[in-house]
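Me: I would like to work through this model in short questions and answers. Please show it here.

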Amino acid sequence: MKIHIGNGRLIDPASATDRVADLFIAAGRIVSIDEKPEGFHANQEIDASGQIVCPGLVDLSVRLREPGFEYRATLESEMQAAVAGGVTSLACPPDTDPPLDEPGLVEMLKHKAKNLNLAHVYPIGAMTQGLLGADLTEMAELRDAGCMAFCHADKPITNTLVMMRAMQYAATFDLSVWLRAQDASLSRIGVAHEGEVATRLGLPGIPTVAETIALSKILMLARDTGARIHLCRISSSEGLEMVREAKREGLPVTCDVSANHVHLSEMDIGFFDSNCHLVPPLRSLRDRDAIRRALAEGVIDAICSDHTPVDDDAKLLPFGESEAGATGLELLLPLVLKWAEDDRIPLVEALARITSRPAGILGIEAGAIAVGKPADLCIYDPEQYWKVEPKSLKSQGKNTPFLGYEVKGKVICTLVDGHIVHRPH
Amino acid sequence: MQKNIQINQHGELQHLLTIEGLPASMLHHILDTAESFVGVTEREVKKVPLLRGKAIFNLFFEPSTRTRTTFEIAAKRLSADVLNLNISASSQSKGETMLDTVNNLSAMQADMFIVRHSQSGAAHLIARHVAPEIHVINAGDGRHAHPTQALLDMYTIRHYKRDFHELKVAIVGDVMHSRVARSQIHALTTLGVPEVRVIAPRTLLPRGVEKLGVHPYDDMKKGLKDVDVLLMLRLQNERMQGALLPSAQEYFKYYGLTPEKLALARPDAIVMHPGPMNRGLEIDSAVADGPQSVILPQVTFGIAVRMAVMSILAGN
């Protein structure tokens, strides 16, 4: 299959490129930029005039719900959602049922995903068996089976000794450890940020110190063990200050936030909107502004969707009993574009947070457009508005705080390994 | 963002879910209507036909005898048909969701639901999903709101103090876990009380409570100085667990209302309590049964206030 993409505005954050250019694709890879190679006859011409051609998005947290939670979503529905959102590579946390704690499960997931021939799936292995926080998994075996990193999803590791050993063991094999900072006892009953809104609505709170205490433990252990750490979903101004300091010190840490937290705060809970029941909780406006500042400064490396499809029944409950999480794969691009527009961030900078930077964190050959690289691409119309509503989402999860919003930026074509995997109409 | 659904497009009360956001004029209208019903409750035939033929369902997902009974009496005095459902014991244990239960009951031609639930926001959720002709009254949702309790408290204050604009009011006890306290705070600040204080140890005060327009005190002796109204809160026994409080004895010593502590308030101060009381824990019997206590009149007014809310909703 040979494809010619003509007249698109090519934005490649990895090479700081932003100009109109033609792309030539053959055998799954980019074979030329600008110049048509000799003897190249395209089987397919894509006219990208007025559109933006960027690397396929790399999403660091996508719950595919398989195995174990197929009533919430299936691999197929969520992979369709991924490519509809321009996401060509995604990392999935191990909180499936059973958790991704043994090589056979990881191989099966990779195999099923590969057969669908849509986006690339990169499983993140469980750090402890059953995500119970007690016994280490066979991390090296899991790596050989395809795990790109190790994490504990949203489950706490309460035993500090176990956390230290897991980091030491991961460092032995130079495996990176992804952790979410939340102290278990300070967040056990909480369902919302402990602040003004939770106080007004009478919702049990999760204080900011639940994040900073856990973060300081992780950072101290990182310093002690030398493990490579990626900090997932930082939510508070104070937490970001600690990450800023750790980076200044030269610790090998990276950090991401969810796209929801770039735009929303506790105020959006309104009168108990369970679509705003998220993990970590939406915090104050001050925290949201700090997230935007840290993104602009580069303290936050990546934005992920933290895609969590939840079935309607699990959201049609009182706020505290509802299941946390939001669907997000198809909103990642428009939400990042909105942030860029709101805060006047150059597109090449903004797109780096969902392409080259997360690819670097994941350690994959993706997130860049260059001759010889796999042709994983996203072509989107930057001016097209669309309304977020259940029928406009391919994901089986229709749960998002952005339901009813008009967003800008519509993916019109997604390519994975040089194949067109999404092209509506 | 979801809008406040308790006011309909004509600015009338569609549901009563929380005091927050209701204008002072509407609160006074409810209290005025209640005043007209107090006469009814003192008559020999304690019934008016305002809600004849209406079906009112008491939907209690959390056990309660007192609140359910007062709603039942209020509904019967308005000549409505009342059905009591103790849900925790029936469908929920069979796995039926709360909204399934509500839909089933709606199909039985309910006109009004009185809802009590252990989760904050439950009444809002139900109100958002019932047919437009059905009214929902929140009889207590988690830690969030208990609007009819706050209204009967306001009725009592108005009855004894006439005017809200010069009062100092103290709410004493477990504000953190109290839906009553949250509704009282909204009602008092809406009705123009210039100084509302909350008094509790710091483990029982929610973060940012001052943003609700109140002055927090942890020293009860300072907090009670010169107050006109004391609103005592019930302290659940389980608060002695979970590192919130060390012991009942210590709590009573520092935060229990004794005659000595009451003497710090204004001599004509009134003492209120939503019941059921824990004598010797949050309140001394000498105060509960003393001349400044208006705890029993509160119960009587509570029926009139609930009649008022039901009749206003049924008329809108």
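Me: In this predicted model, what is the handedness of the crossing of α1(A) and α2(A)?
Reply: The helices involved are α1 (residues 75-84) and α2 (residues 103-116) of chain A. Leu75(A), Glu76(A) and Met79(A) of α1(A) meet Lys112(A), Ala113(A) and Leu116(A) of α2(A). These residues divide into four nonpolar, no polar and two charged. The crossing is right-handed.

Me: Are α1(A) and α2(A) parallel or oblique to each other?
Reply: Their axes are 10 Å apart and the packing angle is about 55°. Angles under 35 degrees count as roughly parallel, and 65 to 115 as roughly perpendicular. The pair is therefore oblique.

Me: Which helix gives the largest share of the side of chain B that touches chain A?
Reply: The contact takes 23 residues from chain B and 20 residues from chain A. On the chain B side, α4 (122-129) and α6 (179-190) each supply at least two residues. By class, that side has seven nonpolar, eleven polar and five charged residues. The largest share is three residues, from α4(B).

Me: Which are the edge strands of the five-stranded open sheet in chain B?
Reply: The strand order is β7-β6-β5-β8-β9, with parallel pairing. The twist averages 20° from one strand to the next. An edge strand pairs on one side only, and here these are β7 (215-217) and β9 (270-272).

Me: What is the bridge partner of Lys168(B) in β6(B)?
Reply: β5 (residues 168-172) and β6 (residues 195-199) of chain B pair in the parallel sense over five bridges. α6(B) lies across both strands and β8(B), at about 170° to β5(B). The partner of Lys168(B) is Glu195(B).

Terms used
Residues are numbered from 1 along each chain as its sequence is written. Chains are lettered from A and ligands numbered from 1 in the order in which they are written. This is a predicted model: local features need pLDDT of at least 70, side-chain atom pairs count only at pLDDT 80 or more; totals for chains, interfaces and linings use all residues. Axes are lines fitted to C-alpha atoms, for helices over the stretch in contact, and angles run from 0 to 180 degrees between N-to-C directions. Helices (H or I, at least four residues) and strands (E, at least two) are DSSP runs, numbered from the N terminus. Angles under 35 degrees count as roughly parallel, over 145 as roughly antiparallel, 65 to 115 as roughly perpendicular and the rest as oblique. A crossing is left-handed if the near helix is turned anticlockwise from the far one by less than a right angle, and right-handed if clockwise. Two residues are in contact if their C-beta atoms, placed from the backbone, lie within 7 Å. Ala, Val, Leu, Ile, Met, Phe, Trp, Tyr, Cys and Pro count as nonpolar, Asp, Glu, Lys and Arg as charged, and the others, Gly among them, as polar. Two strands pair if DSSP finds at least two bridges between them.
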